[in-house]
Amino acid sequence: RSRSCGVTMTSDYSNNICSRSRLGIVSAIGVTLISSVAAAATHLVSLRDGTNTTPDTDNAMGTSGIGAAAAITSLRGTIMTDEPPDHDPRFDFYVVSMSFQPEFCYEHRREQFDGCSHPDDEWRGSLTIHGLWPERNDGSWPSLCNNDPFDHSIVDKIGRHRFETHWPNVKSPSNAPEYFDFWEHEWLKHGTCSGLSQLDYFASALDSYVPTPALIKLAEGDKVPKSALISAYGGSRMVALVCDARHYLSEVRVCLGKDTDGTATGRIACNDAVLKEDSCYDEKVYISTFPSSVN
């Protein structure tokens, strides 16, 4: 996992001043254990949304990861892989999860996704929407609440440019049959539990986009204090930071209230269940650049 992340970063990531392989652990066994814990944590967090049901090939847990996974089951109370979907549409608030595409593209660099090969300049310093997720105060969440099929025309009705800028599917080009799969997944998994029409659900999610603090763009390829990043998002009760390999910013999750009809309203403090999804464990958070092939 050697990749540099400081201001002296070279285009081929050969200058490993703060690489993923250097976690500050002298023992090789310790490095393996820490890497396994981080991989397991990232995997369990991704299970929440159902978009990654198998470990990433770069983060395969292996034998040592089994114990690591058991050690962090408190992330959401239990490991969710064997739990059936909760179809009860009642919920109390929303989580807006936003992804940092440079880090996503690094983690999936072997797959050569279209959006990673040809990224929008906006994605270099701004997070994009992953999803608008109904959530309950007790830490549970509904999913797959009905069988209403996704209407592809919603994307053009709202404006394709808005989606491609703030809620992109980086995996597929716009002329590919699977171009709409990401939004279809988000609608079926989460939107069907919102109580909103498809048009209103996607419009509400896009209207709820949280602008990325300037310090992220200014720190591209470098690192920022975690405390400064939390402060920029409103404070310790207002955001959960999700990191790959303990300190590479991957996602940001904030919480929103909702109207009686299900429309998302303004930001609110997150409950403990959401805040426990924070997986940036170091004092510094690293802000990735797109892999060298797309820089």
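Which residue does a disulfide join to Cys243? The partner is Cys280, with an S to S distance of 1.9 Å. A disulfide here is a pair of cysteine sulfur atoms within 2.5 Å.

The structure is a predicted model, in which local features need pLDDT of at least 70 and side-chain atom pairs count only at pLDDT 80 or more, while totals for chains, interfaces and linings use all residues. Residues are numbered from 1 along each chain as its sequence is written, and side-chain values use heavy atoms, with hydrogens and water left out.

## Disulfides

Under the sulfur distance rule, the count comes to four disulfides.

| Pair | S to S distance | Torsion about the S-S bond |
|---|---|---|
| Cys105 and Cys116 | 2.0 Å | about -80° |
| Cys255 and Cys270 | 2.1 Å | about 115° |

Helices (H or I, at least four residues) and strands (E, at least two) are DSSP runs, numbered from the N terminus. A residue is called buried when its relative accessible area is under 20%, exposed when over 50%, and partly exposed in between, using a 1.4 Å probe and protein chains only.

The disulfide of Cys105 and Cys116 is left-handed, because its torsion is about -80°. This pair links distant parts of the chain, with Cys105 in helix H3 (residues 101-107) and Cys116 in helix H4 (residues 114-117), 11 residues apart. Both Cys105 and Cys116 are buried.

Cys243 belongs to strand S4, whereas Cys280 lies in the loop between helix H11 (272-275) and strand S7 (284-286); the two are 37 residues apart and link distant parts of the chain. Cys243 is buried, with a relative accessible area of 1%, and Cys280 is buried with a relative accessible area of 1%.

The disulfide of Cys255 and Cys270 is right-handed, given a torsion of about 115°. Cys255 lies in strand S5 and Cys270 in the loop between S6 and H11, so this pair ties together parts that are 15 residues apart in sequence. Cys255 and Cys270 are both buried.

Strand S5 (residues 248-258) is largely enclosed by the rest of the structure, because 10 of its 11 residues are buried. Two strands are taken to pair if DSSP finds at least two bridges between them.

Strand S1 (residues 93-99) runs antiparallel to S5 and is joined to S5 by six bridges; Ser97 has Arg253 as its bridge partner. Strand S4 (residues 240-244) pairs with S5 in the antiparallel sense over five bridges. Here Cys243 has Leu249 as its bridge partner. The hairpin of S4 and S5 has three residues between the strands, and Ala245 takes a positive phi near 50°.

S5 also pairs with strand S6 (residues 264-268), in the antiparallel sense and over three bridges, and Lys258 has Ala264 as its bridge partner. Five residues lie between the strands in the hairpin of S5 and S6, where Gly262 takes a positive phi near 100°.

## Helices and nonpolar cores

In helix H7 (residues 181-189), the buried residues are Phe182, Trp183, Glu186, Trp187 and Lys189. They pack against strand S2 (128-135), helix H5 (153-158), helix H6 (160-166) and helix H8 (198-207), where contact means heavy atoms within 4.5 Å. In H8, Gln198, Tyr201, Phe202, Ser204, Ala205 and Leu206 are buried; the buried residues of H8 pack against S2, H5, H6, H7 and S6.

A nonpolar core is a set of buried Ala, Val, Leu, Ile, Met, Phe, Trp, Tyr and Cys residues joined through side-chain atoms within 4.5 Å. The largest such core has 43 residues, and those with the most contacts inside it are Trp167, Trp183, Phe202, Tyr233 and Val252. The elements giving two or more residues to this core are S1, S2, H5, H7, H8, H10, S4 and S5. Not counting residues up to four places away in sequence, Trp167 touches residues including Ile129, Phe182, Trp183, Tyr201 and Phe202. A second, separate core of eight residues includes Phe93, Trp133, Cys255 and Val274.
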